[in-house]
Amino acid sequence: MTRVVVIGAGPAGLVAAIRLAEGGARVALLNKGTGGLQLGQGTLDILGYGPDRVERPLDALAGFAEAHPGHPYGVLPADLVARSANYLRDLVGPALLVGDAASNLQLPTAVGAVRPTALASPSMTAGACVDGARFVIVGLRQLKDFYPELVVGNLVRTDLPGGGRLQARAAMLDLPAREGEIDSTGLTYARALDDPAYRKRFAQAVKAVVEPGETVGLPAVLGLDDHNAWSEVAEAIGAPVFEIPLPPPSVPGMRLNRALTARAKAAGVRVVPGSKVTGFRASGGAVDSVQLATAGGDRDFVADAFVLATGGFESGALTADSYHNVHESVFDLPLRRPEGHLVHGDYWGDPQPLFTIGVEVDEQMLVRHPGGDPVYTNLYAAGGILAGATRWQEKSGEGIAVASAVRAADSILAAAATATDQGAAS
Amino acid sequence: MKTLSADVVVVGGGSTGAGVVRDVAMRGYSAILVDRADLGQGTTGRYHGLLHSGGRYVVSDPHSATECAEENAIIARIQAHAVERTGGYFVATHVDDPSWGDEWAKGATDTKVPFEEVSVTEVLKAEPRVNPKISRAFKVEDGSVDGWQMVWSAANSAKLYGAQILTYHRVTNIERDGDRVAQVICTDEKTGEEVRINTNFVLNCAAAWGGQIAHMAGCPDVQVVPGAGIMIAMNHRLTNSVVNRLTYPADGDILVPVHTVCIIGTTDQKADDPDRLEIAWDEVQQMMDCGELLVPGFRKARAIHAWAGARPLVKDSRVGSGDTRHMSRGMSIIDHSERDGLKGLLTIAGGKLTTYRLMAENVVNAMCEQLGESRPCRTADEQVPGSEDKKNYVITHRLEEREHDRFDDQILCECELMSKGMFTRALVDQPKGNFDDLRRQLRLGMGPCQGGFCSMRATGVALQSEHIDVERATGLMRLFLKNRWIGIWPILYGDQVRQTALDNWIFQGTLDVERLPGPTHEEVV
Amino acid sequence: MNASHGLEFAQTEVARASLDHCVKCTICETHCPVSAVTPKFTGPKFVGPQAERFRHGESVDHSLDYCSSCGACTLACPQGVKIAEINGQARAVMKADHMPLRDQLISQTTLMGMAMTPVAPVANAALSLKPLRTVIEKVMGIHRDAPMPKANTQTITGWLKKRQNPATKATRGTLVFFHGCAGGYFEVETSKKSIEVLEHLGYEVLVPKQGCCGLAQQSNGLFDGATDKVLKLCDDLRSAGRDLTIISSSGSCTGMLKHEAHEIMGVDDSRLKDVGTRIRDIMEFLLELYEAGELPTDFKPIELTAVYHAPCQLKSQGMGQPAMEILKLIPGVEAVESGATCCGIAGTYGLKKEKYEIAQAVGKPLFDKVKEVNPEYAMCDTETCRWQIRKGSGAQVEHPIFLVHQAYGLR
């Protein structure tokens with residue numbers, strides 16, 4: 001049985017680990033802490049802007065990759081991206097992700113922008129921003145990360161991507177998640193809404209402010225463990241309901257993270273959280289093992305292949321020191337780095353060069369020297385560590401993550417199968 | 001058009017102007033202060049926050065040293081809330097000559113700056129992060145001061161004595177009546193309205209912008225040269241006392257704990273325009289090297305924000321009026337009746353934040369003299385509003401308050417523990433303020449996340465107030481993000497890169513703030 | 001090191017430096033089992049990296065004492081902020097002036113064990129009497145319903161003296177066994193079975209006379225006493241041999257030796273470092289053998305489905321859940337991961353009268369899971385957690401080594 005170590009538990013690491021384990025590999029998933037899924041918006045982006053708003057992301061990929069040399073989508077063809085998005089959708093099931101990868105939804109954000117994304121939670125899709133829609137956006141006085149007036153004010157003055165305008169109005173409820181608490185996070189509300197009794201009270205309070213014909217927009221807090229909470233709320237209100245993602249903690253992101261982590265464990269992945277990979281051993285052009293700095297000292301994890309899915313600068317997978325030396329923190333891999341100064345002073349200007357730094361991979365997702373050969377024969381990379389994308393602007397994060405993870409996992413499984421065949425033949 | 005009148009118009013809402021308007025008001029004059037922007041928005045708010053013990057000048061400028069020592073005690077008493085009595089050390093690092101300490105100690109004795117030589121062990125016990133290779137140390141009475149609080153409390157004191165404070169009033173001209181000043185003409189930047197103020201006397205406290213003001217009154221060639229210096233705020237207090245290098249004053253020789261951060265400063269570069277100060281990469285590197293000397297590992301510590309301030313240095317050959325009673329080293333008073341034959345205009349520049357009250361006293365004395373009146377200065381005798389209890393600021397202050405209101409109020413800015421209540425109260429006081437104006441009083445967005453979590457909350461709460469519509473609220477948010485970035489990008493390395501990436505994920509990734517409907521150009525006022 | 005080093009360290013150093021890594025992402029908050037059940041605790045991000053920037057020597061935010069020290073925040077933090085450690089240090093500083101008598105008493109783990117053993121039946125009876133517990137609650141602040149250990153009539157040293165030689169010959173070298181206070185006085189069976197499994201595998205097992213690791217004192221902010229204890233223990237364990245692997249069946253005490261004494265109290269001592277890197281949790285040790293292909297897997301089937309709960313202080317060692325991997329190897333055993341962050345007891349936290357209700361609420365999802373999966377039986381690696389789960393669910397709760405012992409056919 002081929003042994004694989006996956007480093008990092010964001011969308012790329014989790015998907016790679018699951019696919020590898022389901023493909024018969026023995027997988028250890030090493031993660032310093034909780035992955036980035038629960039910090040994101042809880043949807044699957046493929047391509048939202050290129051830089052103009054994208055309606056059909058799969059169709060746009062080839063042109064986008066051509067216009068952006070060195071972008072990860074240059075080595076991730078559209079059919080792979082589509083398969084991978086559907087793979088993730090099937091892993092978490094229709095309770096958490098729905099939609100068609102070929103076509104973007106246009107959903108409202110918590111400041112009232114209209115944001116493109118490919119797959120979303122079914123609890124969000126009623127928020128599609130189309131001409132003539134009638135929304136009531138409902139906030140909670142005890143929740144400081146959601147202001148319905150802001151959502152409404154910006155939505156109603158937006159010319160919608162498909163043309164036309166929508167109507168919206170704001171309403172505010174005074175409904176604590178817990179007795180005596182004035183400063184609750186979205187997660188506290190989500191936990192409260194897992195309780196059917198609270199859910200009923202909540203729905204009654206919302207219902208009181210809804211007028212006939214309106215679709216109800218709520219902060220994305222409608223249950224954490226109970227994935228049907230939102231639809232029960234909708235049923236009790238008697239109107240369509242949609243969730244609007246909040247800044248962290250993101251409840252939709254947590255749902256995805258929990259579902260994927262559980263799926264990984266069920267598939268037999270050994271998950272080892274809380275320690276950092278601080279070193280590695282290599283010989284003959286291949287990585288032999290990585291060292292995990294556990295509380296009691298370094299522990300060696302030997303494997304046949306390694307997937308680096310540690311993320312970008314946000315997780316510390318890439319670091320820039322005070323001299324602007326930039327390093328990849330586990331293997332100190334060669335990085336692709338633009339010429340010149342890495343940061344500029346125009347907040348609303350071009351993408352910052354710093355954030356396009358990353359590792360370069362070949363079509364198998366083997367890490368390679370920029371423009372050259374693989375660094376090691378068995379070191380693959382996936383997700384935010386890949387050079388060339390400004391994911392938050394492009395709205396391309398999950399698409400790149402899952403496609404590169406699926407490709408890395410499939411490459412490893414194929415290499416193992418070949419090795420087994422050769423072993424059997426000899 | 002609106003016409004006002006006052007005995008005295010004070011131009012400039014920095015520390016000098018605020019000190020001056022308080023002083024004239026307390027002496028019984030009617031007074032109006034005008035500033036083109038908010039109070040403390042210029043040099044006052046762009047420095048490192050040191051309340052000098054005087055130790056820095058005992059050799060280079062003994063007169064200033066004594067003034068600082070005296071004013072330090074006065075400010076800590078009358079503006080107690082703005083001042084933290086941190087104490088300070090002068091330390092000889094391993095590249096400094098410890099014997100210079102003898103000269104320093106003699107200077108301190110001569111200038112009456114209180115000090116005590118202490119052992120290296122004692123310094124390291126009190127400040128464990130200080131470089132253990134230091135060879136000699138002196139303890140002094142340095143403190144730190146919140147410049148904004150200092151200015152606002154002085155202005156509030158002036159208001160109690162009848163003064164008017166007109167922020168966002170840009171002076172466009174100063175009219176003369178023969179050899180006398182007659183009228184100050186301003187534009188209300190928020191409404192576009194012209195405001196004319198009839199007056200007998202103008203006190204030009206515009207510091208680095210003072211030359212421009214004097215020119216409007218027909219007094220050319222007052223050269224106030226902006227001496228630019230950069231400062232960098234580190235994420236938390238690496239030391240709880242001020243740490244100075246025991247050397248002749250030089251670049252990067254001080255680390256000052258102010259509120260939750262500590263600030264390293266500073267450099268000195270001649271600038272052409274005080275409104276365009278750059279934070280050069282090599283200056284940042286220079287500060288980092290200086291930081292390493294004082295606190296090993298400084299480069300690995302987290303820098304969260306950088307800024308540049310312009311010292312107003314007067315270069316004018318005609319200053320030497322011979323009347324040195326009103327002059328002290330470091331502060332210059334230009335009497336335009338002598339220089340240019342124009343009565344009713346004094347320009348003051350130079351000096352230090354620590355001696356701002358004394359500068360005000362001196363310039364108002366000069367005014368009284370020109371007017372032939374004798375009204376004594378009382379500013380050293382009375383606490384400003386809010387400091388009546390004479391309690392100095394302590395770092396634990398907000399944390400302790402939060403312990404008591406945590407079931408009653410939300411925290412919008414978690415890094416600096418700014419509550420919704422604090423923010424909405426400030427909005428009532430300054431309904432036309434932008435988020436940076438409120439930030440200077442509340443520390444909104446000044447912690448490690450630099451607005452990453454609080455900007456949207458501030459926008460939402462502002463929108464719930466009566467005066468702000470969604471276009472303005474959205475514009476304020478965009479402006480705030482843009483302005484924060486001005487101080488982030490020059491020091492974007494280490495942990496702040498992680499933060500910036502997460503902030504980008506939130507604002508651009510999740511919220512898609514770039515794609516909000518216009519105005520695409522942020523409102524400036 | 002002088003006696004007050006730990007406190008001085010807490011006031012000035014260490015974990016504080018890690019606060020620079022905090023990006024306020026809220027991940028720690030989402031993992032905190034205490035703030036999940038009560039708004040009284042402001043949560044790990046607030047109390048840790050956030051409040052620390054406002055601290056100088058004294059701790060003014062007394063609500064930080066609602067932190068149970070479970071360490072889930074540090075474990076979850078992707079940025080490497082030592083959140084729980086910052087909190088632990090702030091608490092020690094806060095309590096330095098007014099340490100409640102109760103916190104001193106319940107952290108004297110060995111003393112309690114020694115006092116109770118000879119009179120075990122009396123002690124057990126007394127601790128089950130409501131009126132007496134009410135008095136204890138009033139005087140000492142220990143909640144009347146808080147879980148209490150059952151005292152044993154025999155200590156581990158008593159058993160070691162009386163027992164016969166092991167059946168298997170020692171062919172694989174020598175190990176040192178660390179049983180912890182609970183494993184010495186209350187949970188003696190766990191120690192016995194661990195020793196027997198190791199001997200069955202062919203190891204000679206040395207059990208030196210040993211004291212307490214000081215964890216309970218540490219988590220109550222009593223750094224000086226805890227430091228003395230942990231170093232004394234290191235001497236005890238080192239006395240058995242300088243290069244031998246040390247095996248422990250007490251999950252939380254292992255964590256104290258591996259990292260907490262150093263990271264929370266600043267104990268910087270070569271003896272601690274030596275012991276901390278040689279010690280292995282027993283399930284971790286078995287998994288290492290398995291990974292190296294050296295663990296016999298001739299396990300007899302056991303038909304059992306039960307919840308396995310990994311204690312916080314085991315999880316915070318950053319090695320995953322080795323017991324889950326070992327239990328997978330026993331035919332018929334289906335170990336269901338509890339999914340709970342913490343059982344609520346967090347050492348001595350759940351004993352205190354003002355924390356008892358919170359601790360029960362923290363543990364409730366775990367108790368419910370046990371009741372749902374197998375109300376008779378559950379597994380957990382740490383003593384105090386087992387008492388809490390027993391009390392909360394009514395199930396018999398044992399160390400997973402019991403199943404390994406049984407599956408190897410040992411009696």
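# Exercises on a predicted three-chain model

In chain C, 12 residues of domain 1 are in contact with 12 residues of domain 2. The model is a predicted one, so please treat it that way as you work through the exercises.

## Exercise 1: two domains of chain C

Task: Find which residues make up the two domains of chain C, and describe by class the side of domain 1 of chain C that touches domain 2 of chain C.

Solution. 
- Step 1. Start with the bounds: domain 1 of chain C runs over 5-95, and domain 2 of chain C over 297-407.
- Step 2. Their C-alpha centres are 26 Å from each other.
- Step 3. Look at the touching side of domain 1 of chain C: H5(C) gives the most to it, with three residues.
- Step 4. Sort that side by class, and you get six nonpolar, six polar and no charged residues.

## Exercise 2: where chain C meets chain A

Task: How many residues does each chain bring to the contact between chain C and chain A, and which helices of chain C take part?

Solution. 
- Step 1. Chain C brings 27 residues and chain A brings 29 residues.
- Step 2. On the chain C side, at least two residues each come from helix H3 (27-31), helix H5 (72-76), helix H16 (251-265) and helix H17 (270-278).
- Step 3. By class, this side of chain C holds 10 nonpolar, 12 polar and five charged residues.

## Exercise 3: the build of chain A

Task: How many helices and strands does chain A have, and how does its radius of gyration stand against the globule rule?

Solution. 
- Step 1. Chain A has 10 helices and 18 strands.
- Step 2. The radius of gyration of chain A is 22 Å, and the globule rule gives 22 Å for 426 residues, so chain A is as compact as a globular protein of that length.
- Step 3. Along the principal axes, the C-alpha trace of chain A spans about 75 × 45 × 45 Å.
- Step 4. Of the 426 residues of chain A, 58% count as buried.
- Step 5. Among the contacts in chain A with a separation of 6 or more, 68% join residues 24 or more positions apart.

## Exercise 4: the domains of chain B

Task: Which stretches form the domains of chain B, and how many residues of domain 1 of chain B are in contact with domain 3 of chain B?

Solution. 
- Step 1. Domain 1 of chain B is 2-43 + 148-223 + 315-371, domain 2 is 85-144 + 225-312, and domain 3 is 397-515.
- Step 2. The C-alpha centres of domain 1 and domain 3 of chain B lie 33 Å apart.
- Step 3. Five residues of domain 1 of chain B are in contact with four residues of domain 3 of chain B.
- Step 4. The domain 1 side of this contact in chain B has two nonpolar, one polar and two charged residues.

## Exercise 5: a glycine in a loop

Solution. 
- Step 1. Locate B:Gly447 in the loop between helix H12 (435-442) and helix H13 (454-464) of chain B.
- Step 2. Leaving out residues up to four places away in sequence, B:Gly447 touches B:Thr260, B:Cys413, B:Cys415 and B:Glu416.

## Exercise 6: checking a helix

Task: What should helix H15 (residues 495-510) of chain B span at 1.5 Å a residue?

Solution. 
- Step 1. The 16 residues of H15(B) should span 22 Å.
- Step 2. The end C-alpha atoms of H15(B) are 21 Å apart, which agrees.
- Step 3. H15(B) is mostly covered, with 16 of its 16 residues buried.
- Step 4. After H15(B) comes B:Asp512, with a positive phi near 55 degrees.

Conventions. Residues are numbered from 1 along each chain as its sequence is written. Chains are lettered from A and ligands numbered from 1 in the order in which they are written. This is a predicted model: local features need pLDDT of at least 70, side-chain atom pairs count only at pLDDT 80 or more; totals for chains, interfaces and linings use all residues. Helices (H or I, at least four residues) and strands (E, at least two) are DSSP runs, numbered from the N terminus. Two residues are in contact if their C-beta atoms, placed from the backbone, lie within 7 Å. The expected span of a helix is 1.5 Å times one less than its number of residues. A residue is buried if 20 or more other C-beta atoms lie within 10 Å of its own, exposed if 12 or fewer, and partly exposed in between; C-beta atoms are placed from the backbone. The radius of gyration is taken over C-alpha atoms; the globule rule is 2.2 Å times the number of residues to the power 0.38. Domain bounds come from an automatic or database domain assignment. Ala, Val, Leu, Ile, Met, Phe, Trp, Tyr, Cys and Pro count as nonpolar, Asp, Glu, Lys and Arg as charged, and the others, Gly among them, as polar.
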